[in-house]
Amino acid sequence: MTGCAIHFSDLHRGVRETSALDDALVALCHDLAPVLAIASGDLSNRGRVQELRRAKALLDRLPAPVLAVPGNHDIPYTLPGRVTRPWRAFEEVFGSVQPVVTAPGIVACGLNSVRPWRHQGGRLPGDGPGRAAEAFAAADAGALRVVVLHHHLAGAPWRAARKLPLKRRDAALSALAASGAELIVGGHIHQSSVVERHEFEAVDAPRGRSVVLATAPGLGRPRPRRTGEAQGLHVVRWTARELAVETHVWDGGAFVRTATRTFPRG
Ligand SMILES: [Fe+2]
Ligand SMILES: [Fe+2]
């Protein structure tokens, strides 16, 4: 069994859109033929329904099913809508803020990590591990089990401290690992980070399953003066034994593969 999925984040539609990038994304998907495209939030810049629709129009061009979750930019920017109807626009365009998509060789569970009363910080929803466990229990034995969040669990080495990782991330990671997640993807910080749990945490015996955390660079670049924001995406490939995450960066005209990290599964 081999599989390929594409994961991108932080499109920030509504500011600095370029058709060259859109066309390159579509072309890359035609080349790779991924079984699933994952968009991990901040699809829009200000949470406007028109911006979300433009993001959806791009995703509709991809030759693959799409799983999208909201980011902190995908809810109304101002009060009172930010609190009274945070998910209305996203649900109107994408249907659900916590979708589950099953495709050949993969099952992905989207979880909504956005807290409307926080502009930056995120948290694992209380029902998240249960939802993931339920989705994974119904999947084929060898299917890659993926959780999709907007907010990152693992930071990147060059990120400013302002964007904190998911709240109570130790407990969140333990709970998601117990649910059966093998790969947890996110974005939010616009920098790439790919790391396996046992590389940074002492997991008491039995050693436990491998859990890879993949934080994608930003697909969009809404703040061009911020040098601490990379532009690109991840390509995920897997077999029955291995999982690999490739980082592709946008050089202004094409996506260029800059790194591949490979991990044993299970
Ligand atoms: Fe973002
Ligand atoms: Fe974000």
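1. His234 is buried, with a relative accessible area of 0%. The model is a predicted one, and in it His234 sits in strand E10, which covers residues 232–239. Two polar contacts of the His234 side chain can be listed: one with the side chain of Ser192, at 2.8 Å, and one with the side chain of Thr247, at 3.4 Å.

2. Which residues coordinate the iron ion (ligand 1)? The donors are Asp10 (OD), His12 (NE2), Asp42 (OD) and His190 (NE2), and their distances run from 2.0 to 2.3 Å. Along the sequence these donor residues follow the spacing D-x1-H-x29-D-x147-H.

3. The site of the iron ion (ligand 1) is irregular, with angles of 86 to 172° among its four donor atoms. For comparison, the ideal angle for four tetrahedral donors is 109.5 degrees.

4. Asp42 forms a bridge between the iron ion (ligand 1) and the iron ion (ligand 2), and the two ions are 3.5 Å apart. The pair His12 and Asp42 links distant parts of the chain, 30 residues apart. His12 belongs to the loop between strand E1 (2–8) and helix H1 (19–32), while Asp42 belongs to the loop between strand E2 (36–40) and helix H2 (49–60).

5. Are His12 and Asp42 buried or exposed? His12 has a relative accessible area of 1% and is therefore buried. Asp42 is buried as well, at 0%. The cut-off for buried is under 20%.

6. Two residues deserve a look for their backbone angles. Most residues other than glycine have a negative phi. Arg168 has a positive phi, near 50°, and lies in the loop between strand E6 (144–148) and helix H6 (169–179). His188 also has a positive phi, near 80°, and lies in the loop between strand E7 (183–186) and strand E8 (193–196).

7. Where do Arg168 and His188 stand in terms of accessibility? Arg168 counts as exposed because its relative accessibility is 63%, and the cut-off for exposed is over 50%. His188 counts as buried, at 0%.

8. Most peptide bonds are trans. The bond that joins Leu79 and Pro80 is cis, with omega about 5°. Pro80 is placed in the loop between strand E3 (66–69) and helix H3 (81–84).

Notes:
Residues numbered from 1 in each chain as written. Chains lettered and ligands numbered in written order. Predicted model: local features only at pLDDT ≥ 70, side-chain atom pairs only at ≥ 80, totals over all residues. Heavy atoms only, no water. Helix = DSSP H or I, 4+ residues; strand = E, 2+ residues; numbered from the N terminus. Buried < 20%, exposed > 50% of the residue type's maximum accessible area, 1.4 Å probe, protein only. Donors = N, O, S within 2.8 Å, 3.2 Å for Na, K, Ca; no water. Tetrahedral: all angles 85-135°; square planar, octahedral: opposite > 155°, others 65-115°. Polar contact = N/O pair within 3.5 Å; in protein donor to acceptor, adjacent residues only side chain to side chain.
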